Amino acid sequence: MHTVRIAVVGGGLSGLYAAYLLERQGITDYVLLEGREVLGGRIASIDATGQAVTHTTANTDGIDRFDLGPTWFWPGYQRELDRLVEALGLERFEQFEEGDMVVERSPEEPPMRMRGYVNSPVSMRLVGGMGSLIEALRDTLAPANIITGHTVRRLRKHDRHIELESEDAAGHISAWHAEHVLLALPPRLVESTLVFEPALPASLARQWRETATWMAPQAKYVAIYDTPFWREQGLSGEGRSARGPLGEIHDASMLGGSAALFGFLGVPARVRSTVCDEVLRTHCRAQLVRMFGPLAATPKAESIKDWAQDPFTATTVDLNATPQHALAPSTKATSGPWQGCLTGIASEWSPQFSGYLAGAVEAAGLGVKAWAERAAAPALNPSKR
């Protein structure tokens, strides 16, 4: 049995940022439990050879990393995330948007060029990909407090603590006692995969179950090249297609590194589940050839990440879902045994930026602040002890 003051469930951006904020307040009596063998959650990437990046070591292997999850942030109005990027000393650059875009208006019409447009505010990316944010945060934390490969299965509420049960890949169960639990998993995933004893309030469980998880129904295709040949044609690398399989395409080239294109598959998740990745990749390459020319036929590496098939992100409900940024549900129980000891901090709990990277930062910041204020209250008012 392990005893800690705080347990953080989930090692994506929100969980790591919560741990970062705790340590900045001098709180080191915590544990972060992540079910995957690697940190990052919905932040995932491949290198220039198409191999998955583990984000277990500092980014010393170059800048050629390509995001399979979130790609952009907007410093102009996502101020807390921007301050974090600045504090961690991460380098940023603007999304390439110069030139024409290519559009397939219908399955019957050939692709056509049209004037591109520039996003305002500017979409920004990180050198080394968004995984650099995960690595930089992890490097600020006490390694002994971060435990991967442990999936939390059950939470039991006792009088003065919560007992968590986690399971490793070999099926071994570990138990943890914590005064407070910060849930850094999507609300729907929490409700469907964690057992609460006693049960959560029915209204809260329903809210969490009905909150869509951003990225869960989506899949992303990345094709990596030596050079951004489309730019030589006066193209931005941006595309829209009513024919598919990619509905939306962007330039994913890394500043000073390899070139790349990425797109979101417009094929519904349930349909994708019946088609092997090689067939999907073949159709994606054919589409890039139609839209950007014959040089697109031979990427040096490519990859598909289907988030709907990721058990640490999606549930069976997400196979029929459409991508959407949900309204933030309640972060905690307001009555009953779970009141005051359990807080949701994943991106979907963000009031302003639900589903975005900035949402993970905002929700974690609000959750840690609320816990700190509650923890300090007895000291300020001894009569409440």
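Does Cys284 count as buried or exposed, and at what relative accessibility? In this predicted model, Cys284 counts as buried because its relative accessibility is 0%. Cys284 is one of the buried residues of helix α8, among which are also Leu280, Arg281, Arg285, Gln287, Leu288, Met291 and Phe292. These residues cover an arc of only 160° around the axis, and therefore lie on the same side of α8. The helix runs over residues 277-292, and its 16 residues should span 22 Å at 1.5 Å a residue; the end C-alpha atoms are 22 Å apart, in agreement with that value. Just after α8, Gly293 adopts a positive phi of about 105°.

A search of the whole structure for disulfides returned zero. Cys276 takes part in no disulfide, and the nearest cysteine sulfur, which belongs to Cys284, lies 12 Å away. Cys284 is likewise in no disulfide, with the sulfur of Cys276 as the nearest cysteine sulfur. Because its relative accessibility is 44%, Cys276 counts as partly exposed.

Helix α1, residues 13-24, has twelve residues and reaches 16 Å from its first C-alpha to its last, close to the 16 Å expected at 1.5 Å a residue. This helix is mostly covered, with ten of its twelve residues buried. The buried residues of α1 include Leu13, Leu16, Tyr17, Tyr20 and Leu21. Gly26, which follows α1, has a positive phi near 80°. In helix α2, residues 79-87, the buried residues are Leu81, Asp82, Leu84 and Val85. Their directions cover an arc of only 160° around the axis, so they fall on the same side of α2. Arg83, Glu86 and Ala87 are exposed and are carried on the face of α2 turned away from its buried side. Just after α2, Gly89 takes a positive phi of about 70°.

Several backbone features occur in loops. The peptide bond from Ser120 to Pro121 is cis, with omega near 0°, and Pro121 is located in the loop between β7 (112-114) and β8 (124-126). A cis peptide bond also joins Gly244 and Pro245, with omega about 15°; Pro245 is in the loop between β15 (235-241) and β16 (246-251). Met215 is not a glycine, yet has a positive phi of about 85°. Met215 sits in the loop between α5 (202-209) and β14 and is buried, with a relative accessible area of 5%. Ala142 is placed in the loop between α3 (131-138) and β9 (146-148). At 28% relative accessibility, Ala142 counts as partly exposed. The C-alpha atoms of Ala142 and Val31 are separated by 9.8 Å, although the two residues are 111 residues apart along the chain.

Side chains of opposite charge can pair when their charged atoms come close. The count of salt bridges comes to 27. Arg5 forms a salt bridge with Glu179, with 3.9 Å between the closest N and O atoms. Arg5 lies in strand β1 (residues 2-9) and Glu179 in strand β12 (residues 173-183), so this pair ties together parts that are 174 residues apart in sequence. Arg5 is partly exposed, with a relative accessible area of 28%, and Glu179 counts as partly exposed at 48% relative accessibility.

For the salt bridge between Arg153 and Glu167, the closest N and O atoms are 3.0 Å apart. This pair links Arg153 in strand β10 (residues 151-157) to Glu167 in strand β11 (residues 162-167), 14 residues apart. Arg153 counts as partly exposed at 40% relative accessibility, and Glu167 counts as partly exposed at 24%.

Arg188 forms a salt bridge with Asp318, the closest N and O atoms being 2.8 Å apart. Arg188 belongs to helix α4 (residues 187-193), whereas Asp318 is in the loop between β18 (301-306) and β19 (342-344), 130 residues apart. Both Arg188 and Asp318 are buried. Salt bridges that share partners also join Arg154, Arg156, Glu163, Glu165 and Glu197 into one network.

Lys220, in strand β14 (residues 219-225), is buried yet has no salt bridge. The side chain of Lys220 instead makes a polar contact of 2.6 Å with the side chain of Thr71.

Definitions and conventions:
Residues are numbered from 1 along each chain as its sequence is written. Side-chain values use heavy atoms; hydrogens and water are left out. Helices (H or I, at least four residues) and strands (E, at least two) are DSSP runs, numbered from the N terminus. The expected span of a helix is 1.5 Å times one less than its number of residues. Buried means under 20% relative accessible area, exposed over 50%, partly exposed in between (1.4 Å probe, protein chains only). The arc is that of the directions from the helix axis to the C-beta atoms. A disulfide is a pair of cysteine sulfur atoms within 2.5 Å. Lys and Arg count as positive and Asp and Glu as negative; His and the chain ends are not counted. A salt bridge is a side-chain nitrogen of Lys or Arg within 4 Å of a carboxyl oxygen of Asp or Glu. A polar contact is a pair of N or O atoms within 3.5 Å; within protein, one must be able to donate a hydrogen and the other to accept it, and residues adjacent in sequence count only if both atoms are side-chain atoms.
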